[in-house]
Amino acid sequence: MDAEATQLQQAQLMAVLGPDPAPFETLISHLMSSANEQRSQAESIFNLLKQNDPNSLALKLAHLLSSSVHLESRAMAAILLRKQLTRDESFIWPHLTESTRSTVKNILLSAIQNEDSKSIIKKLCDTISELASSLIPDNQWPEILPFMFQCVTATSPKLQESAFLMFSQLAQFIGETLIPYITDLHTVFLNVLNSSPNPDVKIAALSAVINFIQCLSSSNDRDRFQDLLPAMMRTLTEALNSGQEATAQEALELLIELAGTEPRFLRRQIVDVVGSMLQIAEAESLEEGTRHLAIEFVITLAEARERAPGMMRKMPQFISRTFSILMKMLTDVEDDPAWHSAETKDEDAGETSNYSVGQECLDRLAISLGGNTIVPVASEQLPAYLSAPDWQKHHAALIALAQIAEGCSKVMIKNLEQVVNMVLNSFQHPHPRVRWAAINAIGQLSTDLGPDLQVQYHQRVLPALAASMDDIQSPRVQAHAASAVLNFSENCTPEILTPYLDGIVHKLLVLLQNSKQMVQEGALTALASVADSSQELFKKYYEAVMPYLKTILVNATDKSNRMLRAKAMECISLVGMAVGKDIFKGDAKQVMDVLMSLQGSQLETDDPTTSYMLQAWARLCKCLGQDFLPYMSVVMPPLLQSAQLKPDVTITSADSDNEIDESDDESMETITLGDKRIGIKTSVLEEKATACNMLCCYADELKEGFYPWIDQVAPILVPLLKFYFHEEVRKAAVSAMPELLRSAKLAVEKGIAQGRNEQYVKQLSDYIIPALVEALHKEPDTEICANMLDALNECVQVAGLLLDEGQVRSIVEEIKQVLTASSSRKRERSERAKAEDFDAEEGELLKEENEQEEEVFDQVGEILGTLIKTFKAPFLPFFEELSSYLMPMWGKDKTAEERRIAICIFDDVAEQCREAALKYYDTYLPFLLEACNDENADVRQAAVYGLGVCAEFGGSVFKPLVGEALSRLNVVIRHPNASQPENVMAYDNAVSALGKICQFHRDSIDSAQVIPAWLNCLPIKNDLIEAKVVHDQLCSMVERSDAEVLGPNNQYLPKIVSVFAVVICAGKDLATEQTANRMINLLRQLQHTLPPSTLASTWSSLQPQQQLALQSILPS
């Protein structure tokens, strides 16, 4: 800054600090100026003042607040003072002298008594609360609480309201310091709620009570406030009775917050509370906003599953009333002519806010209460709607069915016949909006009740949808029927679709030529999904379909046609993937050329083409494989750009008046965090997620061909492992990590990495693996945790011995964290199961949440297996560290899956570390032996496999346990249901383990008895890995003429020959080629050495096809 400007600033600073208050007030008004230059000048002087003389700044602001005649100045002073007194980087309190502090406190307390403007009083309450929350815990403002208690009982409603507003904030900020005053507060709250005539005071008191209840951690303390609940509810009803709906809405919003955070506080008086809310929701004289809030309260209670599981299900009469209120709201839909015009933008023409709230709440109610509760209510209420003469009611019933399907899927699947009839009977309704709603329901049910719906009712649903595509009266119905084909085929096998393909593809081609763009778009979407579901069966339609698609792609160039062109791209790329490279090759170049020219043109930011094009390119890459490489230089630059999009975030304060207006931009999503409201533009995030997914696709598909891009892509994706704005972005980044490493490794191995060597792969893995470990440490979502462990496992497999000890250590430390976090989540869930209203439905939901936890355990097992296989004995010190985390997993109280994983980890240690692992046998073998007879077949399989491993490598340590091992294996092998599908793997592994005992511990068994028993179990046919081991072992025993396996007088030879015959006939499944050839040689030898009579009887014991197979192999 030049000297002149500095001088000027100094002069202004002097003036502001002078005795005349006017310059300071002018400065403050300039801070609010809309003229940028004036405002920034004022800001720099204000900041100078704050740095050089915080005492003067605080005093000037306080005096302005108490003495200025201008409302805006006082308001601004309150806001600025609050900012300076908030504990963050601008906190000036520690820099103030004792006398300044005392003056500021006194002025604040006198200002709140003298101020008349309501909005400034609120700002003053904020400022005082902010400062008090910093000072009260250290007892640095002893006067404040006595002052507040004095105000609460004052005669002035204004002071009472202020005190409650401050109590409300302090309860949020430092609730625990108010607990000693619980008795006084209870008395004050009760008096005011019962007797204050002033609605504003009551609302402030209600807010304070609710915040205070939420800050009490002990349920006994909360229960002391139970007797306030009737008075809290009266605040609401009195406001309604006196026509003060704005006050009532404030009260409702506070009670909704209570219902979400402390639902059990309401439990004892739930009948009265919910009853009052439903009365409000039913009262047609009230404003819609008020009624919607009352419904929101009831739905919030139903959703408070974690805090009050099962509570609302205990009140069937209320559920029925709630359902009927929501059904009535759904009938509030008008027959707007714009709807019939079939322009996409008028999709919701005629829908009211009642209709939207009804729709959303039915969906939430069904998800939170489940099918056993909702389906009986729906079955009772919907028939009357379906048979009513007015179309709105019929329409409402169909919309309701679609809305409850997700939450009620299990129960609705059991009653599919009824559900499907209800919907299909409405396909012929005279009103097009009802026909549309019926199709809409089929689309939704295909998603929520699939694949059961598709398997059982395809012969009714698909013809009905095909017929609706001919509904020329209503193009919107035609388009919707095509879209529903998409939902139906997404959950469908090619076998189900095949018989209908001719008819459906023909109709969709007709719709492609419709004059309405919406119909064409629907047809494109449906064709794409039919091709995707039928795969190569779609080849026969290729010649007919592709010309139409290319025509649209080339000709739809208008701004109004952008979506049409985008959908054509999607359809072409999915058809290409379905029919494969050989068929698509002829059109590929032309399609690529169109896409390349579009890519080069300047598309507008809101053009849907971009996102569709990113996906189309990736599908074309999957279709063309390595032939796609030449296009990568065109595809990658914009893709990298989209992957680097910054989230478009706006942050405002949660209580500010300039709220983000959600209505004008559907792609804005807002979340409130503390006192900040954050708005995020979702379309930007979706494009970013798509781009990240596509990068992952290219790396996966092109393998080493992706090498040239790794150096650009890795630094973009690695930071996105912690991109908390959007789950899909994180998931894509996670999946890409192993693909990037694999690509680099293959490129180095195949010598196409521009002279780089293994050191490059190590550098990359040193960058990726620690980043994954760190992201895993912070990941809030259980499912993504499992994905991260999976990706980490793959990365470790690719990097192998390139990992250094520090990285292994960090992975092991993270596994400890993951196991600890998972156990504590399970503990919290089991706490939930102790709640008074916990019921079977809640039990089901809890089981589902715990199953997701098992996915985490699974991945931990996999990654430890990989580390053990990679590092072998040097990994054992880490294994010992982990044993205190793994041992509990063997417990009887743990799930079968956890027990199985614990056993597999020990199996890996015994198998990979051999002698080095013998020291663990004493600890783990007793568990292993016991697990051989576990009730769960997967646990038995892992345990008997482990016994085989220990028999092979355990030597003298295993010897004393041979007897017990035999009896345990015997139970598995002789189990009456051993050949049932769920038991065959355990059986095969037990047979293999028995073989290992025969091979490695023959001197400890009665071999004349055990070996024939083992032979008798052969061949094994299900576990193909063990089958190869066992049949090879048999082959070796026969080659060395093992007496016990041949038996006295070769009496077991026929059995051996028949085993060989089965194994040889099975091709490569049951034995390696080498083993099969050795078996054939043995059979040829036997043919020469055995007496003809023995051969003949052996032969006759074989099945006809085995005899034929052997005849073709053996010379006659």
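Contact here means heavy atoms within 4.5 Å. The model is predicted, so to speak of local features a pLDDT of at least 70 is needed and side-chain atom pairs count only at pLDDT 80 or more, whereas totals for chains, interfaces and linings use all residues. Residues are numbered from 1 along each chain as its sequence is written, and side-chain values use heavy atoms, with hydrogens and water left out.

Select Asp781 to begin, in the loop between α37 (758-778) and α38 (782-799); helices are DSSP runs of H or I with at least four residues, numbered from the N terminus. Leaving aside neighbours within four places in sequence, Asp781 is in contact with Glu727 and Arg730.

Next, select Glu570 in helix α30 (residues 562-579), which touches Tyr612 and Arg619 when residues up to four places away in sequence are not counted. Glu570 is likewise buried without a salt bridge, with Arg619, the nearest side chain of opposite charge, 4.3 Å away.

Finally, display helix α33 (residues 632-643) with helix α34 (residues 682-702), which pack at an angle of about 140° with their axes 8 Å apart. Residues making the contact include Met632 and Leu639 of α33 and Ala691 and Tyr698 of α34.

How values were computed. Helix = DSSP H or I, 4+ residues; strand = E, 2+ residues; numbered from the N terminus. Buried < 20%, exposed > 50% of the residue type's maximum accessible area, 1.4 Å probe, protein only. Lys, Arg positive; Asp, Glu negative; His and termini not counted. Salt bridge = Lys/Arg side-chain N within 4 Å of Asp/Glu carboxyl O. Axes fitted to C-alpha atoms, helices over the stretch in contact; angles between N-to-C directions.
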